[in-house]
Amino acid sequence: MKGICVLGATGSIGVSTLDVVARHTDLYNVIALTANINIDVLFEQCLAHSPEYVVVVNAEKAELFKQKIKNSAVSGIKVLSGAQSLEFVSTLDNVDSVMAAIVGAAGLLSSLAAAKAGKTVLLANKESLVMSGDLFMQAIRDSGAKLLPIDSEHNAIFQCMPAGYVAGNSVKQARRILLTASGGPFRETAVKDLHNVTVAQAVAHPKWDMGRKISVDSATMMNKGLELIEACLLFNMSPDDIQVVIHKQSIIHSMVDYVDGSVLAQMGNPDMRVPIAHAMAWPDRFESGVEPLNIFDVKQMDFAEPSLERFPCLRLAYQAIKMGGIMPTILNAANEIAVDEFINERIKFTDIPVIIEKCMSFFTAEDAGSLDIILKADKDAREQSYKIIKEIT
Ligand code: NAD
Ligand code: MG
């Protein structure tokens, strides 16, 4: 029996994780669930999974949650609040696995705490890896933690690696990674029309049902940019050996090209319960609740090279990882601010890459040698992004 802590339980990945957990209560016991503000969903999850702890980061919502559970079937749960409580629950002694599914930089410290504590880290929160890069991978190595990728592409690549593969190691016989992308909702929109697209259009992903931030990232293809950086770190590859491939059917979730000419792909229906179940059962396998892939429904599979003119965010991500140091942190922070401003209808869709590029050019790629340097770079880039937004709007 393994104890699991689900960080970001109320989000899209968190909900899918608990769906998988519910199918395997003989193997997994929920120790802790965390949410930012969504206490209604959290309450239902507590009824179903009876965790020992919950964290409601927002203090007012935490008080409301305490009222809500008084005299209910879940009144025995310990309720904590504040961001530091995320680190506390992710390092509890009876927690073996931590699902890191908070969105954005807000997930960094708790993911890193789990890594340092030697937990099995099920990593969905790609932003934390992009920000902390080598520091995160070093924490995994130092503590002996296991790192299992949840992002569907990275989970696919992991599955295509040789038996016994450990994340962070390089495989010399693997010459290239083919990182697939759906291309998002604007794959075929005329470039001249992109400045007019709405938030509703941007979050309507054709293949995956996800949170709003990652949906906008998919529309700009910054999601693939972050995933490129994530892949460099997880598989110890150079960005020049990672080719992004637009595959609009989203049936193949990525591929590894070996020196003998073999190309291994992982396929499946586009449902995050597949990679979640893979990582939770690893090195075994168990049921995820996902319908079997009907190969006869897959009439065609297309592959195309992405246009960097249509998707400047992808170009910026290649640039950031090649520059190294704090530049991926800067890219991520500027993107988080720009996406948030777009979702709140204060900037246009096409302003997103402009803000990121201006922000990156303001900073130099100094060494990202410590957490303090990374956190300062994140803070400075956010401030700089707001200044740029003032200038351009
Ligand atoms: P979401 O917006 O649906 O959920 C985010 C979760 O994070 C919620 O539980 C929310 O309460 C919590 N949260 C938000 N802000 C917080 C804060 N400041 N402090 C603490 N908790 C906070 O997001 P999602 O789509 O589930 O994505 C989660 C992560 O997984 C992201 O990093 C995303 O890139 C990654 N991911 C998601 C998918 C997907 O299909 N949804 C696929 C691959 C990777
Ligand atoms: Mg992905």
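Q: What should I know about the model before I start?
A: It is predicted, so local features need pLDDT of at least 70 and side-chain atom pairs count only at pLDDT 80 or more, while totals for chains, interfaces and linings use all residues. Residues are numbered from 1 along each chain as its sequence is written, chains are lettered from A and ligands numbered from 1 in the order in which they are written, and side-chain values use heavy atoms, with hydrogens and water left out.

Q: Are Asp151 and Glu227 buried or exposed?
A: Buried means under 20% relative accessible area, exposed over 50%, and partly exposed in between (1.4 Å probe, protein chains only). Asp151 is buried at 7%, and Glu227 is buried at 1%.

Q: How many residues surround ligand 1?
A: A residue counts if one of its heavy atoms lies within 4 Å of the molecule. There are 22 around ligand 1, and the closest are Thr10, Ser12, Asn36, Glu127 and Gly211. Helices α1 (12–22) and α6 (126–143) each supply at least two residues of this shell.

Q: Which polar backbone atoms lie by an oxygen atom of ligand 1?
A: A polar contact is a pair of N or O atoms within 3.5 Å; within protein, one must be able to donate a hydrogen and the other to accept it, and residues adjacent in sequence count only if both atoms are side-chain atoms. An oxygen atom of ligand 1 is 2.9 Å from such an atom of Ile13. For Ala124 the distance is 3.4 Å, and for Gly211 it is 2.9 Å.

Q: Where does Asn125 lie?
A: Asn125 is in the loop between β6 (120–123) and α6. This residue is buried, with a relative accessible area of 1%, and its side chain reaches the backbone oxygen of Gly104 at 3.1 Å.

Conventions:
Helices (H or I, at least four residues) and strands (E, at least two) are DSSP runs, numbered from the N terminus.
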